Amino acid sequence: MWVNMGPQHPMTHGLWNLRVKIDGELIVDVDPEVGYLHRGIEKISEDRHYNEIITLMDRCCYVAGIAWEHVYIGAAENALHITAPERAQWLRVMCDELQRLASHIMWYAAFVQDLGLMSPFLYGMRDRDLILDLFQSFTGGRLTYEYNRVGGVRNDVPSGFTDRCRKVMDWLMDRFVEYDRLCLGSEIFRRRCDGLGVLKAKECVDLGVTGPMLRSAGVARDLRKDRPYAVYDRVEFDVAKADAADVTARYLVRMEEMRQSVRIVRQTLDWLDHHPGPVLADHLPRWLGAPYAPMGNEGYLLKRNFPRGTGFAAVEEPHGEAQAYVVNTGGEHPYRTKFRSPVFVNLSAAKHYMIGYRVADIPPIMGSVDICVGEVDR
Amino acid sequence: MATDDLATQLAPRAGANILAVEPFQGLTARVRFRPEGALDVFRAVHDDLGYDHLSMVGAIDWVDHREVFYIVWSDVTKQYLGLSADLTGDAPHIESATPVWPSANWHEREAWELVGVAFDHHPDMRHLLMPDDYAFHPLLRSFKLHEPEELEVKSRSV
Amino acid sequence: MSNVTLFDVANGLATLLLTGLGSILPQPLHGWLINPNLIFALAATLFGAILLGASMINTIMLIWFERKMLGRFMDRRGAMHVGYAGLLQNFADGLKLFRKHTLRPREADSLGFYAGPTAYMVTSVLIFGILPISTGWSSGVLPLSLLLALAIFSFAPLFIFISAWSSNNKYSLLGGMRSAAQMIAYEVPILLAVVAVILVSGSFDLTTIVNLQQNYWFWGPLFLALLVFVVGMLAEMERIPFDLPEAEAELVEGWNTEYGGMLFAFFMLADYVRALVGSILVVLLFLGGWTLPSYVPSALTSFPLAGIFWFMLKTYIVFGVFVWIRASLPRVRTDQLLKVGWMRMIPLSLLSVVLAAMLVLVRCLPVFGCVPGLGG
Amino acid sequence: MATAEAAPPPKSSGENPILYVAKPLATAARQFMKSLIRPSTIVYPFERLEDPAFRDKVAVAAGKPIGVGHVWDNYRGVHALNIATCISCNLCAFSCPDLCIDMVTVPGGDPKHPKKCPQIDYGKCSYCGFCSDACPEGCLTMTTKYELATPKRSEMVYSPQKMNEIFERKLPMNPIRVERPSNEDAILLDVPLCIGCNACARDCPTQCITMLDIPKPTPKPGEKLPKRIWKEPVINDSDCVRCGTCISVCPKECLFWGTHT
């Protein structure tokens, strides 16, 4: 019997459809259907200025907006041969980690709620709100930040921000203990999650699975360590790793990542306190340096013969490895942008970690993948 | 020089199909190859160079031809490598990378439906993001964004 | 405490009404109206109406109680805008559901679709006619009231399955099957736990059981039975952690996916009626019902309706424990649930029966000393 | 696990089964006790985070970092427009990625140069703030107003007057202004192409272009002088807001962006 779990279904957390073939309560086949949220971001980008694409990136993944901005900005800066100032890089790292915290807390909330436990959902939303408050205090937005610019970030953090941020980090560290008590301390949780959705390291690599799913299989692969971008080579942190490759292992990896993120945020705050400086690169081309896109660029571009190039950047987004490929042919719009979403790939491997389990296991397994449909469909 | 090393390493199995190995912003290098020998190149990159992880498959419409690019990652060298092939002709097609990297499955489905590059011997070539009977390839340059009146979905399944 | 029963009240009301009405009417009508059979019929109707009203109001207050309490567990407030502290919110919700159009899927089986929720509701409410709320506040002395209550209580899976199957929906069917399997699996340990109580009290009559435990509530000596009974009741009431028939994460709303409007309200209300009944049974069987130990000051037990007050207080506290469990535990899986039911709960309940039998044999209770009347 | 076999049963952690739910129960109970006094919820229509008095009360009373991150003034909400200082430079409309800004005529301009101010369709707006970043005069800013619910879609279109009313309410406005880069490109003139038509000076919103006379060269014998007005635009760089209007109105495409050498 084929059962449609979606497009409107409490398990899907977004707009996609998991077609499940079941035999009694046993899953015999699955077929994820995506595309319900396809907005054609890659097509719209063809008609937008480099900076205007940032607004699209925020909507690419609605729980990890600023991380996606970083993905795109990295590729765009490569394509345009621009380097952001140091302070901007630190700010980006801080934003990435705050976003990772927000995204993982959101994941925790939704995942545990799928197991039928509603209190952690509200605890999670409550604590995530503090991070959104922090974001709002310097970007002006709570979900769609529009903070990065080609060549840096829009503005510096306001005074007093670092102290507030530290306070929130302390609060969060206490909450993580509570989260663990509610989940790992509960035998029912362990019995629901242990041994579910196993995807071993070899399969993970073959299927291109990245992020916490891969790290839960014992592969300590993290772009922040392996191929440090921005200033990740200057902060200290450990790569979270687990060996069981099941749902509990993914839970453990994400919880550990949150703790490491707090650690990184604290280091960035210390750096930011002592190193004032510009946050936007100087000597930007006119149509990038200005915060807007003025008229009359076409003739200018022809006369200036702006350098062309193709940029590629990979960023360890909360869900996994996000990559962007930006082709700059010298025009004011990128010729082609291509984004690689980690969830897209993790979802495409669904057959390999879902078949053989039971219908009741679908929510925990899918929850542990951390689906964000916005970035699957783009 | 990294690019020369790559070229020599690739030479025994796919030397004939390699057009160039060029430096690339953000990647170790980019290998341009002939689409006819795609599978050989993939195998060489996967087995000999150890790039066991396919990150991305994308296609670009350059109006006169189309380009397919692959980004692969090696856990040993911790490096990305780009592969790219230019496809010409009215019906551009290339061998599917799924036998070498199973993760190419959805990427190739997406590249086919958005840019119209056919992947031969793909195990499951269906529409992914678009409706099942969508007749256009939206990421072609000829597909204009601001002229929606020209676009009509030919048939629609209920 | 008076010896007036609720039925006596209803009977008196009916007599007053009919004789009063009859006295002003001419003869043939007068004769018909003061006919004892008619009076009895009206009394029974009144009794039912009072019971229904009381149980419904209690159920709705129970929902409010759960919402508020769950809110505090989750660091939020719960309903708070309609009425004082949201007291009237559930009435508003009920009114909204009542006004809604009832939709039936085209392919659904009409008879089962409508009969299922109705029968589920009716059987759930029926139990209130049997349960003694306080001294005399019952339909009378039923020697087998406990058995009857449990028998009616266990009708539910049948009706749930009927309505699930006739909805013609895959989620509903799965949920209905889960529900049936779960309820049948947990009937047995519940009954066995009740057997322990029966052994100790020597009676099937709830009033007798309650009166027996005035000074030694059964939860102490029969702790194992209480545990089995509470866990079984959680499963029977389909509350978290055993709410997998309507596990919304995988089955949307389980067996009531296709229901809306008043039919959904039936299900919802009946669920809470069953929750109320479950809590009441726990209080009756293990927590001494409306009695307080004789050493508490008599001022606490002598005010009007004191029995009902203490009884409802205990009931709400028991329900509060259910809410607490709901707020802190995730839901288990079907196979685990059945495994726990058949392989853990039944041995435990059997053990509790053996323990109870031993208690009866020695005619002594731990802590309370020897009780001559033990075991009836 | 590509085969359709039953998964192996999960392993038990081997703890005491009676106590195995004690930890989460205790955690929930602790939370219950904590939130008995005051849950974290903010009762929104009555309590607002943008109200500083409330914020302090909550943060202090609850002992939680509620609202600690708030610098509400930074919030990007509905725009406020100061019509009086708007120079009709069009930059907001051009910087809008969603094309939701229309420039509409407002009273106050002279008949030759009607005053045009932005009208924003909030049905399309994505609150990215590019327009207020682009505004050279700081007259279009974003405020903390965020309640836009309305029964009609047409009411989502905010006219300049309506945004001016918001400005007059003196709500906190986003204080972050993106500084103009110091090495900003200027507008340069390709002298041989200019015909001295005055279009740029006429349309310049800041009136920073003046047309200066240039000497009419004496034609050599046989050479034909170009047909033009013997004037040339001179741009006052310190007044110029770099809106590019002159470039777009120039009939001969003789103005362009570039750096002074």
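Colleague: How many bridges join β3(B) to strand β4 of chain B, and do they run parallel or antiparallel?

Modeller: This is a predicted model, and in it β3(B) and β4(B), the latter covering residues 66-74, are joined by eight bridges and run antiparallel. To pick out one pair, Met56(B) has Ile71(B) as its bridge partner in β4(B).

Colleague: What's the strand order in the open sheet they belong to?

Modeller: The order is β1-β2-β5-β4-β3 in chain B, five strands with mixed pairing. The edges are taken by β1 (18-24) and β3 (53-61) of chain B; each has a single partner strand, so one side of each is left without a neighbour in the sheet. On average, neighbouring strands here are turned by 20° against each other, direction ignored.

Colleague: Which strands does helix α2 of chain B touch?

Modeller: Helix α2(B), residues 38-48, packs on the sheet and touches β2 (27-33), β4 and β5 (79-87) of chain B. The direction of α2(B) makes about 175° with that of β5(B).

Colleague: And where does helix α3 of chain B lie?

Modeller: Across β3 and β4 of chain B. That helix spans residues 104-115 and runs at about 5° to β3(B).

Colleague: Switching to chain A. What is the order of the strands in the open sheet with β6, β7 and β8?

Modeller: Simply β6-β7-β8, with antiparallel pairing. β6 (309-317) and β8 (336-340) of chain A are the edge strands, each with a single partner, so one side of each has no neighbour in the sheet. Neighbouring strands are turned by 10° against each other on average, again ignoring direction.

Colleague: How many bridges between β6(A) and β7(A)?

Modeller: Nine, in the antiparallel sense, with β7(A) covering residues 320-328. Ala313(A), for instance, has Ala324(A) as its bridge partner in β7(A). Helix α3(A) packs on this sheet, touching β6 and β7 of chain A, and its direction makes about 155° with that of β6(A).

Colleague: At what angle do the axes of α3(A) and α2(A) cross?

Modeller: Roughly 135°, and the axes come within 7 Å. The helices are α2(A), residues 53-60, and α3(A), residues 65-80. They are therefore oblique to each other, and α2(A) passes α3(A) in a right-handed crossing.

Colleague: Which residues meet there?

Modeller: From α2(A) you have Ile53(A), Ile54(A), Met57(A), Asp58(A) and Cys60(A). Those meet Gly65(A), Trp68(A), Glu69(A) and Tyr72(A) in α3(A). By class, that contact has six nonpolar, one polar and two charged residues.

Colleague: OK, chain C. At what angle do α5(C) and α12(C) pack?

Modeller: About 25°, with the axes 9 Å apart; α5(C) is residues 110-126 and α12(C) is residues 261-286. They are therefore roughly parallel to each other. The crossing of α5(C) past α12(C) is left-handed.

Colleague: What is the class make-up of that contact?

Modeller: 10 nonpolar, two polar and one charged. The α5(C) residues include Tyr120(C) and Met121(C), and the α12(C) residues include Phe266(C), Phe267(C) and Arg274(C).

Colleague: How many residues do chain C and chain A bring to their contact?

Modeller: Chain C gives 24 residues and chain A gives 27. On the chain C side, the elements giving two or more residues are α8 (170-201), α11 (248-251), α14 (306-328) and α15 (334-362). α11(C) gives the most, with three residues. That side divides into 13 nonpolar, three polar and eight charged residues.

Colleague: At what angle does α14(C) pack with α1 of chain D?

Modeller: About 105°, with the axes 9 Å apart, α1(D) being residues 22-37. The two are therefore roughly perpendicular to each other. Trp324(C), Ala327(C) and Ser328(C) in α14(C) meet Pro24(D), Leu25(D), Thr27(D), Ala28(D) and Ala29(D) in α1(D). Six of the residues in that contact are nonpolar, two are polar and none is charged.

Colleague: Last one: what domains does the assignment give for chain D?

Modeller: Domain 1 (74-168) and domain 2 (186-218 + 225-258). Taken over C-alpha atoms, 29 Å separate the centres of domain 1 and domain 2 of chain D.

Colleague: How many residues are in contact between the two?

Modeller: Six residues of domain 1 of chain D are in contact with five of domain 2 of chain D. The domain 1 side has four nonpolar, two polar and no charged residues.

Methods:
Residues are numbered from 1 along each chain as its sequence is written. Chains are lettered from A and ligands numbered from 1 in the order in which they are written. This is a predicted model: local features need pLDDT of at least 70, side-chain atom pairs count only at pLDDT 80 or more; totals for chains, interfaces and linings use all residues. Two strands pair if DSSP finds at least two bridges between them. Helices (H or I, at least four residues) and strands (E, at least two) are DSSP runs, numbered from the N terminus. Axes are lines fitted to C-alpha atoms, for helices over the stretch in contact, and angles run from 0 to 180 degrees between N-to-C directions. Two residues are in contact if their C-beta atoms, placed from the backbone, lie within 7 Å. Angles under 35 degrees count as roughly parallel, over 145 as roughly antiparallel, 65 to 115 as roughly perpendicular and the rest as oblique. A crossing is left-handed if the near helix is turned anticlockwise from the far one by less than a right angle, and right-handed if clockwise. Ala, Val, Leu, Ile, Met, Phe, Trp, Tyr, Cys and Pro count as nonpolar, Asp, Glu, Lys and Arg as charged, and the others, Gly among them, as polar. Domain bounds come from an automatic or database domain assignment.
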